[in-house]
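My entries follow in the order in which I made them.

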Amino acid sequence: MAYGHAQHLMGLIAEAIEGAQVFLQDLTHVTVNRGPGSFTGIRVGLAAAQGLCLAGKIPLLGLTGFQIWRHKEKGPLLVGIDTRRHDFYTAFFDGEYDSKALKIMTADQIQTFKKENPSVTLRGDLSEEVPALTAVDLGKTAYDFLQRGDKSFSEDPFYLRPASVH
């Protein structure tokens with residue numbers, strides 16, 4: 001959804017739990033994408049996840065969209081997430097999981113970067129091939145992080161720019 005998450009999120013969570021035929025007390029963890037993204041969307045998602053964790057007395061595993069893309073894609077990678085302000089939140093990876101650079105880039109800057117680095121794969125909103133992350137991607141990443149003892153989870157929102165209030 002581009003907009004309207006807050007009105008539908010809890011209903012979707014209830015449907016997912018019911019569809020999986022589990023109860024809140026059956027959950028061992030809750031995983032959430034903590035950004036970057038819209039200020040309100042990140043806050044709503046984190047608040048819903050934190051509420052479930054409080055109610056179920058279970059840990060919250062917060063990952064960034066960049067961590068999820070890095071887990072999903074190997075090799076040199078530039079991930080771009082549309083800011084809806086005519087630019088992109090970006091992260092460049094040339095190694096395993098550590099990002100070389102987190103910054104905001106315009107489409108022209110991304111095109112120049114890609115021309116200078118042709119072996120780099122573009123993902124996120126920069127790619128029509130694989131345009132979006134799914135809940136399955138989020139869950140697989142959290143599971144694999146847990147299995148290898150990676151503790152790079154956080155409950156804090158991940159922003160690359162402050163909120164814009166009009």
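I take helices (H or I, at least four residues) and strands (E, at least two) as DSSP runs, numbered from the N terminus. The model is predicted, and I keep in mind that local features need pLDDT of at least 70, that side-chain atom pairs count only at pLDDT 80 or more, and that totals for chains, interfaces and linings use all residues. Residues are numbered from 1 along each chain as its sequence is written, and side-chain values use heavy atoms, with hydrogens and water left out.

Entry on Q7. I found Q7 in helix α1. I note Q7 as exposed because its relative accessible area is 63%, where exposed means over 50%, buried under 20% and partly exposed in between, with a 1.4 Å probe and protein chains only. From Q7 to G75, which lie 68 residues apart along the chain, I read a C-alpha separation of 38 Å.

Entry on the helix pair. The axes of α1 (residues 5-19) and α2 (residues 39-56) come within 10 Å and cross at roughly 35°; axes are lines fitted to C-alpha atoms, for helices over the stretch in contact, and angles run from 0 to 180 degrees between N-to-C directions. I recorded A6, L9, M10 and I13 of α1 and V44, G45, A48 and L52 of α2 as the residues that make the contact, contact meaning heavy atoms within 4.5 Å. These residues divide into 7 nonpolar, 1 polar and no charged, with Ala, Val, Leu, Ile, Met, Phe, Trp, Tyr, Cys and Pro counted as nonpolar, Asp, Glu, Lys and Arg as charged, and the others, Gly among them, as polar.

Entry on β1 and β2. Strand β1 (residues 30-33) pairs with β2 in the parallel sense over 4 bridges, where pairing requires that DSSP finds at least two bridges between two strands. V30 has L60 as its bridge partner in β2. From β2 (residues 60-63), L60 and G62 point one way and L61 and L63 the other, and all are buried.

Entry on the open sheet. I read an open sheet of 4 strands in the order β5-β4-β3-β6, with mixed pairing. Its edge strands are β5 (101-105) and β6 (121-124), each of which pairs on one side only, and the twist averages 25° from one strand to the next. Strand β3 (residues 77-82) pairs with β6 in the parallel sense over 4 bridges, and L78 stands opposite L122 in β6. Helix α4 (residues 107-116) packs on the sheet and touches β3, β4 (88-93), β5 and β6, its direction making about 130° with that of β5.
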